[in-house]
There are 2 protein chains.
Amino acid sequence: MLAKHGFISAFGRLTSLSPSSSVLRRQQFLVRTLCGSRIHRPKLIGAMSSSSEADAESVLRIVTPSLDPKRHKGQAGKIAVIGGCREYTGAPYFAAISALKIGADLSHVFCTKDAAPVIKSYSPELIVHPVLEESYSISEEEKRKVQEKVLGEVDKWMERFDCLVIGPGLGRDPFLLECVSKIMVLAKKLNVPFVVDGDGLFLVTNSIDLVKSYPLAVLTPNVNEYKRLVQKVLNCQVDEQNAEDQLRSLAKQIGGVTILRKGKSDLISNGETVNSVSIYGSPRRCGGQGDILSGGVAVFLSWAQQLKSSPESPFENPAILGCIAASGLLRKAASLAFTKHKRSTLTSDIIECLGESLEDICPAS
Amino acid sequence: MLAKHGFISAFGRLTSLSPSSSVLRRQQFLVRTLCGSRIHRPKLIGAMSSSSEADAESVLRIVTPSLDPKRHKGQAGKIAVIGGCREYTGAPYFAAISALKIGADLSHVFCTKDAAPVIKSYSPELIVHPVLEESYSISEEEKRKVQEKVLGEVDKWMERFDCLVIGPGLGRDPFLLECVSKIMVLAKKLNVPFVVDGDGLFLVTNSIDLVKSYPLAVLTPNVNEYKRLVQKVLNCQVDEQNAEDQLRSLAKQIGGVTILRKGKSDLISNGETVNSVSIYGSPRRCGGQGDILSGGVAVFLSWAQQLKSSPESPFENPAILGCIAASGLLRKAASLAFTKHKRSTLTSDIIECLGESLEDICPAS
């Protein structure tokens with residue numbers, strides 16, 4: 001319990017408004033003792049060293065902020081999902097609602113006009129912007145003007161977001177993807193981190209420069225998306241015998257972006273270290289779990305960014321911490337949902353277990 | 001318990017259809033004993049004196065009417081929310097459903113045509129009027145005619161409402177806001193009270209005459225909305241050292257409207273007294289809690305208006321009573337929801353706790 005509270009307090013320090021310097025020193029001491037300094041990290045060694053199992057529960061405790069009554073709306077995270085088209089509406093909803101259920105304050109969705117009323121109807125908690133357009137709804141002559149309008153709509157919100165999730169239910173319409181590639185450029189310009197999943201990975205795999213060397217980009221490929229990424233970037237097949245080295249090479253080749261390769265064990269690398277998360281889990285493979293993960297990475301990455309902003313923070317890579325935390329939490333929630341619902345476990349059931357799972361690891365008070 | 005029932009009976013008197021005069025005298029005695037006369041209000045002193053903590057639970061007990069089987073639909077309150085546009089649908093839903101969950105009989109929403117089907121889909125309990133229009137859907141030539149039509153649609157309902165909530169999810173479309181400013185003028189003409197929140201505050205801050213000197217107007221600004229209001233009206237910055245005096249000056253400057261300044265403690269002033277509500281609460285800052293508050297103020301203000309309509313009533317300002325009651329109830333419900341859901345608490349969870357929280361303070365039977 002001492003360890004647990006030490007971790008929480010360590011982050012609480014960063015969010016409280018006027019901590020005393022003795023409290024600061026004590027918390028810093030606890031972080032160092034429990035997580036190790038920059039050089040020695042005995043407890044989190046799994047999270048930081050090459051090719052080993054991360055201590056996901058400890059990372060969750062470190063990254064998750066304490067809840068301070070003095071804070072106001074938005075300070076615990078403002079997330080936006082870019083996704084949702086005529087065909088897909090569930091995926092962006094899952095990503096956006098997961099962000100809220102984990103503890104973000106505000107969750108937006110930018111989707112097509114057709115998708116918006118449906119996504120809105122899933123939950124009044126989301127702010128849904130019907131701004132994207134697909135080719136079928138516009139003429140060739142309108143395209144340039146429409147693209148400018150779409151970008152203008154996203155631009156006026158961009159600086160408010162702590163992280164984007166790009167891709168859930170995006171579809172593959174060429175005009176829409178062109179707009180989304182410009183949204184990525186805009187996010188990079190403003191240093192807004194983003195998580196790329198689903199059809200966003202289709203876009204990125206074909207235009208790798210969109211994410212190359214952007215340290216605040218996280219890619220979360222599943223088996224097939226990873227296969228295409230390896231083929232395209234490394235020009236070879238997936239090598240399961242040297243999975244960790246290959247992942248490291250891939251992340252390095254893309255200029256140090258963070259990749260979370262989803263699988264029986266999740267593997268995470270930024271081209272330097274490789275971490276795995278293998279705890280818990282469920283044998284159920286219902287569609288949508290990847291969307292929970294992408295929403296979760298966005299929230300934990302945002303929180304880890306706040307943590308990093310402390311000048312004395314020993315944590316250097318918020319993207320890796322975000323991936324480890326989200327992977328660990330999703331696995332715990334999936335495991336809990338499976339004990340309750342067995343074969344009939346659906347993604348919504350797992351989302352309902354996010355709060356209980358996080359509370360179990362990292363009590364709110 | 002005697003005290004609690006005394007308060008309830010005291011209000012029951014005002015709403016029952018044919019109480020005997022001995023019952024009336026007994027209830028009047030109880031109100032005087034428990035709340036004080038116009039001159040001495042020992043129990044509610046906190047609610048009425050300058051700059052002190054209100055006794056929100058006692059106010060809730062006084063304001064909430066007893067449930068009388070002889071009453072008919074509508075007598076416990078008819079509320080209308082003006083809000084909901086292409087972008088926002090959750091906020092007006094939260095305000096309108098909260099009004100019902102607290103105990104109003106009927107809750108209407110006047111929103112744009114795009115927003116209406118979505119808001120309707122959240123709940124069959126609401127009456128949703130798709131009457132507002134945004135600039136994008138009409139031509140310049142149509143504007144005057146459309147505005148007349150919008151006002152006509154609202155006008156035919158206006159007199160039936162006990163209170164309006166103007167602003168949740170209204171958006172900032174200039175044409176829509178122009179229509180809403182005319183709806184405010186109409187409400188004032190008919191002496192219908194209104195609570196202004198969200199984008200309604202954006203409108204009012206830029207056109208302060210819309211609410212100036214209307215004693216039945218309540219403004220419920222959050223941190224940023226308050227900052228803009230202070231800058232615009234008092235032409236200075238927010239002064240946290242003299243928060244209560246500044247709030248009093250602001251309310252006075254706007255001609256005695258009631259302002260509920262949301263924060264760690266809610267501060268309430270009509271330019272004369274300043275009351276605070278600091279009880280309960282939750283550290284979760286998920287978006288939408290302000291909408292619950294605005295819906296709640298509308299209901300409690302309506303009930304306090306009925307209370308005031310008694311010639312012998314010791315209560316002079318229903319807007320202040322409404323604000324104290326709504327603030328206290330929201331805080332209690334948020335606290336209860338947080339004990340159940342912790343970090344994953346969402347606005348819908350808080351709404352689900354409104355009934356239990358009110359029942360705990362003020363049992364229905």
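1. Across the interface of chain A and chain B, 13 residue pairs, both at pLDDT 80 or more, are in polar contact (a pair of N or O atoms within 3.5 Å; within protein, one must be able to donate a hydrogen and the other to accept it, and residues adjacent in sequence count only if both atoms are side-chain atoms). The residues of chain A that touch chain B comprise 18 nonpolar, nine polar and 10 charged (Asp, Glu, Lys and Arg count as charged; Ala, Val, Leu, Ile, Met, Phe, Trp, Tyr, Cys and Pro as nonpolar; the others, Gly among them, as polar).

2. This is a predicted model, in which local features need pLDDT of at least 70, side-chain atom pairs count only at pLDDT 80 or more, and totals for chains, interfaces and linings use all residues. Residues are numbered from 1 along each chain as its sequence is written, chains are lettered from A in the order in which they are written, and side-chain values use heavy atoms, with hydrogens and water left out.

3. One salt bridge is counted between the chains (a side-chain nitrogen of Lys or Arg within 4 Å of a carboxyl oxygen of Asp or Glu). The side chains of Arg284(B) and Asp105(A) form a salt bridge at 3.2 Å, N to O.

4. In contact terms (heavy atoms within 4.5 Å), 37 residues of chain A meet 24 residues of chain B. About 2600 Å² is buried between chain A and chain B, 56% of it from carbon and sulfur atoms (accessible area, 1.4 Å probe, lost on being put together, summed over both parts). On the chain A side, Lys120(A), Pro124(A) and Glu125(A) lose the most area to chain B, together 23% of what that side buries.

How values were computed. Buried area is the accessible area (1.4 Å probe) that two parts lose on being put together, summed over both.
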